[in-house]
Structure formats: C-alpha cells, structure tokens
Amino acid sequence: MKLFPMPFHSLLLFVVWLLLNNSISAGHMVLAAFFAIAIPLLVNGMRDEHPKILKPWLAIRYVLMVMKDILTANVEVALLIVGPIKKLEPGFVAVPINISSDLGITVLASTVSLTPGTVSAEVSKDKAWLYIHALHLDNEAELIESIKQRYEKPIKEIFGC
Amino acid sequence: MLSWTILIVAVCICVALILNLWRLMKGPTISDRILALDTMYINAIALILLYGIYVKSALYFEAALLIAMLGFVSTAALCKYLLRGDIIE
Amino acid sequence: MPLYLEIIICVSLLIGGAFLLVGSYGLIRLPDIYMRLHSPTKASTLGITGVLLASMVFQSHLKGFLSIQELLITLFLLITAPVAANMIAKTALHQRTKPLDKTKNQELIETARDREVPKPPQD
C-alpha cells in the first residue's frame, strides 16, 4: 500500500490545516502530517478516477495566467456595468470542446466563468459543447477561438486528455 | 486615516447590502432572489472582516470563514432544489 | 502603525469597497438574469479579495508575524463563485426565464436547457 495515494490532496490538507490554525509550531506540524497521511488513506477507496496532473509547471503557469485574466476581467466588467448598458449586446454561444475528462471540463467551465464577460451555463450531455453567456458579444467566432486557444489547449496539455 | 477609510468602506458595503436587499424583494424570478442572497453573503463577509479590523480583533476570521462555507452550500442547495425538486439525489 | 502599512490597508480597502459596490449596483442595474449573473461573480470576487488583503496586512501587523490565513477565504470564494454562478444559470435555464429581447442566439436556450447538441443553423 502506498503511503501517499493522493499526493496533491495530502499537500493541500497539510497547508490548509496550518492555515486554519495560523501557526507553524511543531505540534501543529505533527498533527497536520498525521491528517495528511491518514485522511487520504481512509478516503482513497471511495473516489472516482481522476486524470493526474501531467505537467505541474504548466499548471502553475496556467493558474498565474488565469489570475491575471481575473484582474483584467474584473476591471473590464466593472466598466461595462457602470458604462452605458443600452449599448451592451448580450448573447448565448455554444463552444465546441474537446476534453474527455469531467475534471478538465469543470476547470475549463470555472475558468470561463471567472474571465472577461462570459459565464458558463450548461454542458451538453455528450460533453462536447459548452454553453456560455456573454455580457457583450461582438464577435462570436473570435470569442470561441480565444477560449479554445487560451484556456482549452493548456488544460488539455495539463491533464493529457 | 484608517478609521475614516473604514467608515467610508462600511458605508459602501452597507449601500451594497441595501441594493442586494432591493433585488431580493423585487425579484422578479426566483433565480434573481438566489443571486441576491449569494451576493449578500459575500458582502456580509466583507462587512465582518471590516469590523474585525475596526475592533482590532482576529476572532472574526472564523465567523467570515463559516459564512463563506454556509453561504455556498445554501446557494447550491437552493439551486438543486429548484432544478430537481429534491435536495439530496 | 507605520504610515506605509496604513496606506496599503486604506488603498486595498477602498478598492475592495468600490468593487463590492459596483457588483451590487450591477445587480440592480442590468436588465435580465443572465446579465445580472456577471456582476456578482466578477466584481464581487475582486472586491472581497481587496478587503481580505487589507485584513491580512492588518492582522499580520497586529500579531507580529505573517498571518496569511485570510487567503483561505479568498481561495474558497474563487473556487465556489463560478460554481454558484453556473448553478444559478442552470436554474434560470430550467425555469425558462426569458432573456432580454436583443440577446443573440436565443434558440440556444432550449437546447442548453435539455443539454442537447446545438442544431446546425438552418438557411
């Protein structure tokens, strides 16, 4: 039996326990290490198969890129909200997606929701189409292309699916 | 300077809460009301953290964390209920 | 408290408060539910991040060591905000809420509601 069946989750548990107690004293370190080892061993049998993160460095770069996009998105949307709303042209868009795993689709949909002017609304049953609503839709093809290039491609590479 | 800033920001957040309350009352659909509640709990977290800065206490962090967790769960539960008429599938 | 810390706290608090206010103002101002979804998910996320940043700096100063536990709330809200927005959008679709008249591609609402594949455009 492996000591760390879910290494990423173990690390997360360790860090979250220390953050919750806001302390790095030896006692909390030991307790956090105990949780980080014991909880994954307990729950490992209950979870569904998820694809592994194949390229951690690309994942970190992706997170940083999304952070930057969130900042610009917030300012952009705030300006749209206080600006003239008569000029806004909202619209629905169906984006074809090419990711097979549920986790990848979830990450893509969340990223789309957090980035400029788009909110993901629904995924079709065959997991091939993502329905999104755009606050200001002026060029549909360009929006689809930017989502595919900017977000879908790195996610496909990170999870390898 | 800090006490004045806290006052200004508190007024901002209170106005935001009143705007949320107006949307909660007005509707018109039930999803609008859920959205108003969702925004309301985010504003409440901000107000509690601000109060924590005002009274120079670290105790309010836990309250904010609890509101964040319960707020998300209640939004999810309300939406699930409206989607299927059943909270637990 | 040193002046530079006070300035950092004040600036991030003001930014946070302004974005929270804009997010709630959008909730009132925008005309239909699908558009209203945008303002809380985006503006409020940045607003709460600003307030949390101020709180983080202040608590670190108060306790005398780097206190980054406020990051937990930021992280939690960053993960849950898109999920909540997605669920509210689903609810609105499920209830067949009418969008604004000038919304483009309204025919997608029915297919999205039933989670079907979008039909090719008929000419």
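Let's begin with chain A: the centres of its domain 1 and domain 2, taken over C-alpha atoms, are separated by 33 Å. Domain 1 of chain A covers 7-46, while domain 2 covers 56-159. Keep in mind that this is a predicted model, so a quick check on confidence comes before the contact itself.

For chain C, the mean pLDDT is 83, with 97% of its residues at 70 or more. Within that chain, helix 1 has the highest confidence, at 89, and helix 5 the lowest, at a mean of 73. Chain A has a mean pLDDT of 82, and 98% of its residues get to 70 or more. There, helix 2 (residues 26-43) comes out highest, at 87, whereas strand 2 (residues 118-123) is lowest, at a mean of 81.

Now for the contact. Chain C puts in 43 residues and chain A puts in 48 residues. Together they bury about 4,000 Å², and carbon and sulfur atoms give 68% of that area.

What about charged partners? Between chain C and chain A the count is 1 salt bridge. K90(C) pairs with E122(A) in a salt bridge, and their closest N and O atoms are 3.8 Å apart. There are also 10 residue pairs in polar contact between chain C and chain A, counting pairs with both residues at pLDDT 80 or more.

So which parts of chain C do the touching? The elements giving two or more residues to the side that touches chain A are helix 1 (3-29), helix 2 (33-36), helix 3 (38-63), helix 4 (70-94) and helix 5 (108-113) of chain C. Helix 4 of chain C gives the most, with 8 residues. Sorted by class, the side of chain C that touches chain A has 24 nonpolar, 10 polar and 9 charged residues.

Finally, let's step back from the contact. Over all chains, a search of the whole structure turns up 5 salt bridges. One salt bridge sits inside chain A: D69(A) pairs with R150(A), with the closest N and O atoms 2.8 Å apart. D69(A) belongs to helix 3 (residues 56-82) of chain A and R150(A) to helix 5 (residues 140-159) of chain A, so this pair ties together parts that lie 81 residues apart in sequence.

How values were computed: Residues numbered from 1 in each chain as written. Chains lettered and ligands numbered in written order. Predicted model: local features only at pLDDT ≥ 70, side-chain atom pairs only at ≥ 80, totals over all residues. Heavy atoms only, no water. Domains from an automatic or database assignment. Contact = heavy atoms within 4.5 Å. Buried area = accessible area lost by both parts, 1.4 Å probe. Salt bridge = Lys/Arg side-chain N within 4 Å of Asp/Glu carboxyl O. Polar contact = N/O pair within 3.5 Å; in protein donor to acceptor, adjacent residues only side chain to side chain. Helix = DSSP H or I, 4+ residues; strand = E, 2+ residues; numbered from the N terminus. Nonpolar A, V, L, I, M, F, W, Y, C, P; charged D, E, K, R; others polar. pLDDT = per-residue confidence, 0-100.
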